Amino acid sequence: DTANSNLHLKASSPCINAGNNAYAQGSTDLDGRPRIVGDTVDMGAYEYGYHFVAITCTNPVPPYSSWATAATNIQDAIDVAVSNDTVLVSNGVYATGGRFWNGVTNRVVLTNAITMRSANGAAVTMIMGSGPSGGSAVRCAYVTAGCAISGFTLTRGATSANSDDTGSGGGVFCETNLAMVCGCVLAGNQASYAGGGACYGTLNNCILSGNASFLGGGSYFGSLNNSKFSGNSAFMGGASYDGTLNNCTLSGNSATFAGGGAVYGTLNNCIVYFNTADFGANNYSGSTLVQCCAPALVGAGNITNNPQFVDAANSNFHLKATSRCIDRGNNAYATNTTTDLDGNPRIMYGVVDMGAFEAQFPIGYWTWIGAITNGLTNLTDCATGDGYPNLLKYATGSSPTNSDNLAAMSGTPTTNGFFALNFSRNTNANDITLIAEGNYDLTNSATWNGIATNIHGSWGATANYIENTNATPAAVTVWDTDATATNRFLRLRVTRP
């Protein structure tokens, strides 16, 4: 807060660990805290506040400013941290200790505007609560406004048996949406009332699976971005209840009454498919869906097509290359994070995909996919009615929606016994390779020999061609010089990157 002379460093500052230890005078910084936290001194008067946690440490010494003196209990490090500090947690399963807060015991409680972050990600850093829900239950985490947790698996958390906030958020309870949960896996948690996985808060790039509650098996209220819901269950809203979801994938969730996917709330750029409910709507109920993919969905920008997951049975919700969900979202709803759930760029080819995963196909291949899955036709239809399949139109440098005869091809016998192959090309399509080839039979083992080719849009090689470069598209004639064969076949091979 430069305006108010608060010159402490943010966690993202390049000045952290960028000094030279030879110039570090004294053992403390201006706040009286350790001058060197970690291995290298920071620039400036204030050392950034890292507090380390390692379950295997044998010499924990407050304020836990190095791995050698790390806390063995996460809450101990949180308690010595001050605003804007980071508690950095090493690998392990953290299943001991607890802090009673607002009617429930929690494994960790963050109330002092800090960040709690794993050193190596959710796959190897676990915070484990304890169930079942009731008086002895332990929730995984309680997070207040201004605090953030990042890169943990939160599992087996539970709540009280009450129908209020104490019975909500088995994995994590956030006081407001200003509490952040990023890059976390919330799995196998339960809440007696709401939000088996998460209650309130802003969740970015999270996985919610196998959580259960009465309302919102995965999440209750809150704002969730680039997140995946699968295997969650509830009486209403198997995946989500009354939340704002952007670029989320909800599949394989279930509800007893209605909305195996979502009940109430607003969903943007989401895929809500293959969820079930014993009574009422399987996938969504009472919700507003914008630019989404779901069965029986109406409204501008929405589609009902099967999303074509790679392997839905095994919760692999990446999109196949032919999915209609690719490039069908609205970029206005993709501003919360720059990456998808895999950590890949959130927008690859100008328009965001629906769901939590952005298709990452090579650009040449994707351009082809985009050309033939235009929402109007399939691989073999002709969008303009000119008789030329979309794939052929694209390959020759055209668009399926343009009627320009680029795909036209014909053969012309000549009086001198030669044969001419006639076609058109797009003079502006510099990424197309054209090869005219000849053959003596049409068996699978026959060898096709090149007759002429272009190089990046301009013809080269032999001189047996005529090209009218004054027209767009340009008419090309390739002459076959072998007039002696009884059988002779010509073809045009077109490739894109």
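A search of the whole structure finds 17 aromatic pairs. Rings of Phe, Tyr and Trp (its six-membered ring) pair if their centres lie within 6.5 Å; planes under 30 degrees apart count as stacked, over 60 as edge-to-face and the rest as tilted. The model is predicted: local features need pLDDT of at least 70, side-chain atom pairs count only at pLDDT 80 or more, and totals for chains, interfaces and linings use all residues. Residues are numbered from 1 along each chain as its sequence is written, and side-chain values use heavy atoms, with hydrogens and water left out.

**Aromatic contacts**

Tyr-142 and Phe-173 are stacked, because their ring centres are 5.4 Å apart and their planes lie at 15 degrees. Tyr-142 sits in strand β8 (residues 138-143) and Phe-173 in strand β11 (residues 172-174), so the pair ties together parts 31 residues apart in sequence. Helices (H or I, at least four residues) and strands (E, at least two) are DSSP runs, numbered from the N terminus. Tyr-142 is buried at 3% relative accessibility. Phe-173 is buried too, at 5%. Buried means under 20% relative accessible area, exposed over 50%, and partly exposed in between (1.4 Å probe, protein chains only).

Tyr-193 and Tyr-220 make a tilted pair, because their centres are 6.2 Å apart and their planes at 55 degrees. Tyr-193 lies in the loop between β13 (185-187) and β14 (198-199), and Tyr-220 in strand β18 (residues 219-220), so this pair ties together parts 27 residues apart in sequence. Tyr-193 is partly exposed at 23%. Tyr-220 is buried at 9%.

One aromatic cluster includes Tyr-142, Phe-173, Tyr-193 and Tyr-220; among its other members are Trp-101 and Tyr-264.

**Salt bridges**

The structure holds 6 salt bridges. Each is a side-chain nitrogen of Lys or Arg within 4 Å of a carboxyl oxygen of Asp or Glu. Three of them are listed here.

| Pair | N to O distance |
|---|---|
| Asp-85 and Arg-33 | 2.7 Å |
| Arg-491 and Glu-437 | 2.7 Å |
| Glu-437 and Arg-493 | 2.9 Å |

Asp-85 forms its bridge with Arg-33. Asp-85 is in the loop between α1 (74-80) and β2 (86-89), and Arg-33 in the segment before β1 (50-53), 52 residues apart. Both Asp-85 and Arg-33 are buried.

Glu-437 bridges to Arg-491 and to Arg-493. These salt bridges share partners and join Glu-437, Arg-491 and Arg-493 into one network. Arg-491 lies in strand β41 (residues 489-495) and Glu-437 in strand β36 (residues 433-439), so their pair ties together parts 54 residues apart in sequence. Glu-437 is buried at 5%. Arg-491 is partly exposed at 31%, and Arg-493 is partly exposed at 34%.
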